Amino acid sequence: MGAEQTLYGVRVRDENAVRIVTLDRPERRNALDLTIRPVLAEVFEKADADPAVRAIVLTGRDGAFCSGGDVSLMERMTPDVAVPRLEAAQRIVRSIAGGSTPVVAAVDGVALAAGLGLALACDRIVASSTARFSARFTGVGLAADLGISWSLPRRIGVARARHLMMLGGLIHAEEALRLGMVDAVVEPADVLATAMAEAQLFASGPPRALALIKGLFADPPPDLHAALDRETAIQAELMDTDDFAEGIAAFAQKRPARFPGT
């Protein structure tokens with residue numbers, strides 16, 4: 001991609017094999033309005049289709065990750081109007097969680113409601129010590145979107161997720177770490193660098209294997225026997241790749257593997 005690109009509400013730049021996607025609506029704490037939704041989804045879809053991009057970091061500008069949907073633009077509407085708007089938001093999560101490229105969220109400031117759903121769609125979440133999270137949509141009379149009903153219970157369990165979605169308030173970073181909502185808590189100045197270091201680890205790994213592991217979690221097998229069948233199919237596919245050949249050669253030669261991605 002080369003130089004940084006600025007789209008509506010989103011800035012995109014590459015650093016080595018990592019694409020950094022920055023939500024850029026600081027005046028609204030990076031809220032997701034109707035215009036940014038398809039832009040952000042397309043950014044992830046294009047990154048996922050680019051073989052030069054082997055990991056993605058998602059972050060927000062000016063001390064906020066994402067404050068959720070832009071409530072200032074909301075109004076009562078009929079389902080035929082609401083569904084296309086909601087689907088535009090859900091498309092973002094489909095492109096993150098359903099894509100093949102590992103994504104690390106670098107969360108500073110708030111990740112509220114839809115903003116939390118955006119973070120939870122990522123494979124890893126690095127939070128600043130001052131980050132705050134909320135899973136509640138009920139303050140405006142809504143339930144959940146951006147996959148929270150699926151992603152939050154998978155991280156913290158059903159009972160805790162139900163409580164946070166129905167009654168919970170703000171969760172601070174250390175509590176989020178204790179619950180398993182996030183993976184690491186660092187000082188605010190270190191959030192992006194830590195997320196980038198994790199992304200570089202992904203970028204140095206075997207892309208196809210990582211994509212297939214990601215798919216196992218995004219669409220898990222329904223039972224043990226299905227899991228065994230899926231694992232067999234996955235391993236058989238990977239055993240006929242250049243990455244596998246490089247991995248076993250590197251092991252034999254006692255050196256780090258340099259996976260070509262084929």
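This is a predicted model: local features need pLDDT of at least 70, side-chain atom pairs count only at pLDDT 80 or more; totals for chains, interfaces and linings use all residues.
| Pair | Sense | Bridges |
|---|---|---|
| Strand 5 (residues 103-107) and strand 7 | parallel | four |
| Strand 7 and strand 10 (residues 184-186) | parallel | three |

How much of strand 7 is buried? Four of the five residues in this strand (residues 124-128) are, so the rest of the structure largely encloses it.

In soluble globular proteins, nonpolar side chains tend to be buried together. In this model, the largest nonpolar core has 53 residues, and Leu58, Leu118, Phe133 and Met181 have the most contacts inside it. Helix 1 (residues 36-49) supplies the largest share of that core, with six residues. Apart from this core lies another one of 14 residues, including Val57, Val104, Val126 and Ala203.

Which residues does Leu118 touch, once neighbours within four places in sequence are left aside? They are Leu23, Leu40, Leu58, Phe65, Cys66, Ile92, Ile96 and Leu146.

Finally, take a look at two helices. The axes of helix 8 (residues 207-218) and helix 9 (residues 224-238) come within 10 Å and cross at roughly 170°, which means helix 8 is roughly antiparallel to helix 9. From helix 8, Arg208, Ala209, Leu212, Gly215 and Leu216 meet Arg230, Ile234, Glu237 and Leu238 of helix 9. Sorted by type, the residues of this contact are five nonpolar, one polar and three charged.

Note on methods: Residues are numbered from 1 along each chain as its sequence is written. Side-chain values use heavy atoms; hydrogens and water are left out. A nonpolar core is a set of buried Ala, Val, Leu, Ile, Met, Phe, Trp, Tyr and Cys residues joined through side-chain atoms within 4.5 Å. Buried means under 20% relative accessible area, exposed over 50%, partly exposed in between (1.4 Å probe, protein chains only). Contact means heavy atoms within 4.5 Å. Axes are lines fitted to C-alpha atoms, for helices over the stretch in contact, and angles run from 0 to 180 degrees between N-to-C directions. Angles under 35 degrees count as roughly parallel, over 145 as roughly antiparallel, 65 to 115 as roughly perpendicular and the rest as oblique. Ala, Val, Leu, Ile, Met, Phe, Trp, Tyr, Cys and Pro count as nonpolar, Asp, Glu, Lys and Arg as charged, and the others, Gly among them, as polar. Two strands pair if DSSP finds at least two bridges between them.
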